[in-house]
Amino acid sequence: MTKEQVLKSFKNTGGLLSGHFILTSGRHSDAYMQCAKLFVQPNEAEKLCGALSKKLTSFGADMIVSPAVGGIIMGYEVSRQMGIKNIFAERVDGKMTFRRGFELNKNKVIIIEDVVTTGGSVKEIIELVRSQGSEVLVVASIVDRSNGKVDFGVPFVNLLSMEVLSYLPEDCPMCKSGQPAVKPGSRSL
Ligand SMILES: [Zn+2]
């Protein structure tokens, strides 16, 4: 799947919008990416997760672990296509934890997250998986928003690596032109 095809999926599902947005960092941007929109349309999600699955088969993993909430549906769909198991970790008192009877037993793990920006949640899950005596083989996401800057210490496979341009409010060309700014409700910016 080419970068253009991935972007087309985002556009088809309304996951990539252009306009004038306030990011969680406080910076302004003319593009907004909402990965959750991809999963509103299972046929689009199936294509993207299928393309990612193909890149992951050779690692020989037997388990997918994803962070709640963003990674859960994606982790499930990739595991379904790869024919391996999946579980998710969630925050309890601010700390990534396995609940619901989820556990690892000397597994070979792929960590799945929909969008990687700073990679903070993924790094926490890498520690969690290792603390349970299992091995992290690879991290995978649909989008790498760090544009290749994030380093997990293991291979990082993704379908689209891009950095969205952003501006300090005082330098923002959209502000200068008087276009109203909106703040979408998501941490995935
Ligand atoms: Zn602005």
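This is a short tour of the structure, stop by stop, with something to select at each one.

**Before you start**

The model is predicted: local features need pLDDT of at least 70, side-chain atom pairs count only at pLDDT 80 or more, and totals for chains, interfaces and linings use all residues. Residues are numbered from 1 along each chain as its sequence is written, and side-chain values use heavy atoms, with hydrogens and water left out. Helices (H or I, at least four residues) and strands (E, at least two) are DSSP runs, numbered from the N terminus.

**Stop 1**

Distant parts of the chain are linked here: histidine 28 sits in strand S2, and cysteine 172 in the loop between strand S9 (166-167) and helix H5 (173-176), 144 residues apart. Histidine 28 is buried, at 7% relative accessible area. Cysteine 172 is buried too, at 0%. Buried means under 20% relative accessible area, exposed over 50%, and partly exposed in between (1.4 Å probe, protein chains only).

**Stop 2: the three-strand sheet**

The 3 strands form an open sheet in the order S1-S2-S9, with antiparallel pairing. Two strands pair if DSSP finds at least two bridges between them. Strand S1 (16-22) and S9 are the edges; each has a single partner strand, so one side of each has no neighbour in the sheet.

S1 and S2 are joined by 5 bridges. Look for leucine 17, which stands opposite tyrosine 32 in S2. Then follow the hairpin of S1 and S2: it has 5 residues between the strands, and glycine 26 there takes a positive phi near 95 degrees. On the S9 side there are 2 bridges to S2. Serine 29 has serine 166 as its bridge partner in S9.

Next, click aspartate 30, in strand S2. Is aspartate 30 buried, partly exposed or exposed? At 34% relative accessibility, aspartate 30 is partly exposed. Its contacts (heavy atoms within 4.5 Å) beyond four places in sequence are Leu17, Ser18, Gly19, Phe21, Leu165 and Met174.

**Stop 3: the six-strand sheet**

Select the other sheet. Its 6 strands make an open sheet in the order S5-S4-S3-S6-S7-S8, with mixed pairing. Strand S5 (95-97) and S8 are the edge strands, each pairing on one side only. From one strand to the next, the twist averages 25 degrees.

Zoom in on strand S3 (residues 63-67) and S6. They run parallel, joined by 3 bridges. Valine 65 has isoleucine 111 as its bridge partner in S6.

Show the helices. H1 packs on the sheet, touching S7 and S8, and its direction makes about 70 degrees with that of S8. H2 also packs on the sheet, touching S6, S7 and S8, at about 145 degrees to S8. These angles, from 0 to 180 degrees, lie between N-to-C directions of lines fitted to C-alpha atoms, for helices over the stretch in contact.

In helix H1, pick serine 9. Serine 9 is buried, at 2% relative accessible area. Beyond four places in sequence, serine 9 is in contact with Met1, Leu38, Glu44 and Leu48.

**Stop 4: the nonpolar cores**

A nonpolar core is a set of buried Ala, Val, Leu, Ile, Met, Phe, Trp, Tyr and Cys residues joined through side-chain atoms within 4.5 Å. The largest has 33 residues; Phe10, Leu56, Ile110 and Ile142 touch the most other members. H2 gives the most to this core, with 6 residues.

Select leucine 56. Beyond four places in sequence, leucine 56 touches Val78, Met82, Ile110, Ile112, Val138, Ala140 and Val157. Apart from this core lies another, of 20 residues, among them Val65, Ile87, Ile111 and Phe152.
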